[in-house]
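This report describes selected packing features of a predicted model. Please consult the sequence and the structure shown here while reading.

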Amino acid sequence: MKYMLLIQANAVGADGASADCTVEDWMAYDKEVTEAGVKVSGESLADLVTATTVRVDRDGRRTVTDGPFAESRELLGGFLVIDVPDLDAALDWAARCPGARDGAVVVRPVADFGG
Amino acid sequence: MDERAAAGGAPASVAAVFREEHGRLLAALVRRFGDLDLAEDVTAEAIAAALELWPVHGVPPNPGGWLMTTARRRAVDRLRRDKAYAARLAVLAVEAERAGPVPPVEPGAELPDERLQLFFTCAHPALAAEDRGALTLRCLAGLTTPEVARAHLVATATMAKRITRAKRKISEARIPFRVPGPDELPERLPGVLQVLYSIFTEGYAASAGPDLQRLDLAEEAIRLARILRRLLPAEREVAGLLALMLLVHARRAARTGPDGEPVLLDEQDRARWDHPMIDEGRAVLTTALTGGPVGPYAVEAAIAALHDEAPDVERTDWAQIVALYDVLLGLVPSPVVALNRAVAVAMRDGPAAGLALLDELTDEAQLRGYHPFAMARADLLQRLGRRRDAAEAYRTALAQAGTEPERAFLRRRIAAVEM
């Protein structure tokens, strides 16, 4: 069963490290999930100031805006898709993620359309 | 179970006979098929078949085995018919082979008890807190959805939606049916105990409705705690929780007056306490207190035991009770515990000492709107002769109390202090 871990880390510095976890922590975690054979994919996202939002209305008109600029702590810093037997296993991997330490990791099952 | 029990009783009592069977059956089927909905449906069908066939053909030599076999066959039939399930059946068949063939049920053989994993699934932290109790009552206590709805004081349709939502999360997020390993148990067991304790406290002191106590609910919680204790005999906090429930529930007959009004501890007729239940609670408590650091339920049970052992309020060991509340505050630093400690201090050192401690808690968010806090203040103010302040505090409690008997009680108190 695939789960996406939405990593809502605290404000991250230019080097990808926040106050509570270092780049080394992230590298070690990535190595762990890879070696355990559970990692499907994963990326960390560039700083939120680089984000652009696109909307298309009913008439097909496209609106492009700068942002969003979340004021809350809950900003998506990266994601990881893992393939594990059940939610408990997914929650374990989420708990070990450096991003969980001073932020939060939201665990979402990937929808299965009977493929 | 004898034949007459199945054949002669009213439908409700026959259903009660199957209650115990229900949880076991459901848990075993969930284990086998990994699907709570399917397991619930075929459990209900097997019980319905038994109610129809047993009165005519007699009760089979192994009723539990018969129910299990019938339910399992129906599940497989259903899986074969249902396209969406067909793929899963293939997976299950492979897994079943891997696990070895299911041994035939011998007459009189005990069904394996798989309920422990169901306890952990129903109390899983990934489920909404309000749904955990509902699911536990439904799956493990064998209550119907209308009964669970009544237990939670909500409409049946609302409860049906909540149960559906919770089951959908279990299925779609794949919350596993498994007992946490020894390393996870300390983190997960308190969640299961909390569910049972919440059911019990709603039974002991209803949050709303016409009655102060809802004894059926408290008894359901005790029944579940007994099952859990059998399944986890080495976990002392399970013993602690069961002891606490027994030691408190033992006072039920004396806690309400003839018109359902609350009778406080100092006015209760202690001869009406259930002394065999107190003895049982004390025996269970001994286990909970022996061999290692104690948990919060055991400490609370020890406090309840001190009340139960005292001949009256004056001769209660308040010093010891205050000491136990100190221990409890160390384990669970909660304003509600601090409130109870303040009341005990008032009994030990006088109402002024207790009131001083209560006043320190005035700003606690958790106590805002919690009527026992206002009631405790009112009582101490009354004992200090501050009648006007007492009346005001009773009025605050009156506005916050959830059940009619409590409101009637508070109105009488207000009238008495305003005389």
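Apart from its neighbours within four places in sequence, B:Ala301 is in contact with B:Gly240, B:Ala243, B:Leu244, B:Leu247, B:Leu285 and B:Ala288. B:Ala301 also belongs to the largest nonpolar core, which has 126 residues; within this core, B:Leu196 and B:Ala301 touch the most other members. Helix α12 of chain B, formed by residues 236-249, gives the most to this core, namely ten residues.

| Helix | Chain | Residues |
|---|---|---|
| α20 | chain B | residues 387-400 |
| α21 | chain B | residues 404-417 |

The two helices pack at an angle of about 165°, and their axes are 9 Å apart. Because angles over 145 degrees count as roughly antiparallel, α20(B) is roughly antiparallel to α21(B). The crossing in which α20(B) passes α21(B) is left-handed.

Which residues of α20(B) meet α21(B)? On the side of α20(B) they are B:Arg387, B:Ala390, B:Ala391, B:Tyr394, B:Arg395, B:Ala397 and B:Leu398. Their counterparts in α21(B) are B:Arg407, B:Leu410, B:Arg411, B:Arg413, B:Ile414 and B:Val417. Sorted by class, the contact of α20(B) with α21(B) has eight nonpolar and five charged residues, with no polar residues.

Finally, the contact between the chains may be considered. Chain A contributes five residues to the contact and chain B contributes six residues. The side of chain A that touches chain B has three nonpolar and two charged residues, and no polar ones.

Conventions: Residues are numbered from 1 along each chain as its sequence is written. Chains are lettered from A and ligands numbered from 1 in the order in which they are written. This is a predicted model: local features need pLDDT of at least 70, side-chain atom pairs count only at pLDDT 80 or more; totals for chains, interfaces and linings use all residues. Axes are lines fitted to C-alpha atoms, for helices over the stretch in contact, and angles run from 0 to 180 degrees between N-to-C directions. Helices (H or I, at least four residues) and strands (E, at least two) are DSSP runs, numbered from the N terminus. Angles under 35 degrees count as roughly parallel, over 145 as roughly antiparallel, 65 to 115 as roughly perpendicular and the rest as oblique. A crossing is left-handed if the near helix is turned anticlockwise from the far one by less than a right angle, and right-handed if clockwise. Two residues are in contact if their C-beta atoms, placed from the backbone, lie within 7 Å. Ala, Val, Leu, Ile, Met, Phe, Trp, Tyr, Cys and Pro count as nonpolar, Asp, Glu, Lys and Arg as charged, and the others, Gly among them, as polar. A nonpolar core is a set of buried Ala, Val, Leu, Ile, Met, Phe, Trp, Tyr and Cys residues joined through C-beta atoms within 7 Å. A residue is buried if 20 or more other C-beta atoms lie within 10 Å of its own, exposed if 12 or fewer, and partly exposed in between; C-beta atoms are placed from the backbone.
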